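Subject: Structure handover and notes

Hello,

Please find the structure below, together with its sequence.

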Amino acid sequence: MPLSEHEQRMLEQIESALYAEDPKFASTVRGGRLRSATGRRRLQAAALFALGLFLLVAGIAAPFKPGGFPIISLVGFIVMFGAGVLLLIGGPRMGGSSGHAPDAHPSAGGASGAGRGKPRKQGGFSARMEDRFRKRFEQDS
C-alpha cells in the first residue's frame with residue numbers, strides 16, 4: 001500500500017532534515033540496506049549450500065587429507081558461507097543510483113496500488129505495522 005501524499009511529504013521532510021544534519025551518515029544508511037532475495041537467488045543459494053554441505057561431509061570421509069587437515073571440508077565450508085552471503089546481500093538493487101529509492105513507487109499517484117506486481121497478503125506483518133503507524137498518525141493530528 002503506497003503512502004498518502006501527506007505521509008510522503010512528511011517522509012521527505014524527515015529525509016531532508018537528516019541530510020542537512022548529517023549527510024555522511026544519511027548516505028551511509030541509504031546505501032547499506034540489505035535487500036530481500038528473489039526466488040532465483042534463493043534457489044542458487046540453496047544449491048550452493050547443498051554443494052558446500054556435500055563437500056564438507058565428503059572431505060571428512062575422503063582419505064585425501066594433506067598434512068592431516070581436511071582441505072575439501074574447508075572448501076565446503078567456504079562454499080556454504082558464500083551461499084549465505086549470496087542469500088543476504090546478493091539481491092537486485094531496488095532503486096538504482098539516483099538516491100531516491102524509497103519514494104520511487106510506480107503507483108504513487110493513485111491509492112489503489114494497481115501498478116504493483118503482487119498484492120500483499122492482508123493481515124501480514126507489514127500490513128499490521130502500516131495500520132499501527134496510520135492509527136498513531138491519525139491520533140496525533
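Predicted model: local features only at pLDDT ≥ 70, side-chain atom pairs only at ≥ 80, totals over all residues.

Residues are numbered from 1 along each chain as its sequence is written, and side-chain values use heavy atoms, with hydrogens and water left out.

Overall fold

The protein has five helices and zero strands, and its pattern along the sequence reads α-α-α-α-α. Here helices (H or I, at least four residues) and strands (E, at least two) are DSSP runs, numbered from the N terminus. Of the 141 residues, 14% are buried. Buried means under 20% relative accessible area, exposed means over 50%, and partly exposed is in between, with a 1.4 Å probe and protein chains only. Contacts, meaning heavy atoms within 4.5 Å, were also sorted by distance along the chain. Among those between residues at least 6 apart in sequence, 63% join residues at least 24 apart.

What the record says

An unreviewed UniProt entry lists residues 43–62 and 68–89 under "transmembrane region". UniProt positions are given in the numbering used here, feature names are shortened, and annotations may be inferred rather than shown by experiment. In the model, the span 43–62 is 95% helix and 0% strand, and its end C-alpha atoms lie 28 Å apart. The span 68–89 is 86% helix and 0% strand, with 35 Å between its end C-alpha atoms.

Helices α3 and α4

Helix α3 (39–61) is what the buried residues of α4 pack against. It has 23 residues and reaches 33 Å from its first C-alpha to its last, close to the 33 Å expected at 1.5 Å a residue. The expected span of a helix is 1.5 Å times one less than its number of residues. Ala45, Gly52 and Gly59 are buried in α3, and the buried residues of α3 pack against α4.

Helix α4 (residues 71–89) has 19 residues, which should span 27 Å at 1.5 Å a residue; its end C-alpha atoms are 27 Å apart, so the two values agree. Which residues of α4 are buried? They are Ser73, Gly76, Val79, Met80 and Ala83. Seen down the axis of α4, these buried residues fall within an arc of 120°, so they line one face of the helix. The arc is that of the directions from the helix axis to the C-beta atoms. On the face of α4 turned away from its buried side are the exposed residues Ile78, Phe81 and Leu88.

Ser73 is in helix α4 and counts as buried at 7% relative accessibility. Leaving out residues up to four places away in sequence, Ser73 touches Leu55, Leu56, Gly59 and Ile60. The C-alpha atoms of Ser73 and Leu55 are separated by 5.7 Å, although the two are 18 residues apart along the chain.

Met80 also lies in helix α4 and is buried, with a relative accessible area of 14%.

A search of the whole structure finds one aromatic pair. The rings of Phe133 and Phe137 have their centres 6.4 Å apart and their planes at 15°, so the pair is stacked. The rule is that rings of Phe, Tyr and Trp (its six-membered ring) pair if their centres lie within 6.5 Å; planes under 30 degrees apart count as stacked, over 60 as edge-to-face and the rest as tilted. Phe133 and Phe137 are four residues apart in helix α5 (residues 125–140), so about one helical turn separates them. Phe133 counts as partly exposed, at 43% relative accessibility.

There is also one salt bridge, defined as a side-chain nitrogen of Lys or Arg within 4 Å of a carboxyl oxygen of Asp or Glu. Arg134 forms it with Asp131, and the closest N and O atoms are 3.3 Å apart. Arg134 and Asp131 are three residues apart in helix α5, so they too are separated by about one helical turn. An α-helix has 3.6 residues a turn, so residues three or four places apart point the same way. Arg134 is partly exposed at 24% relative accessibility, and Asp131 is partly exposed at 38%.

Regards
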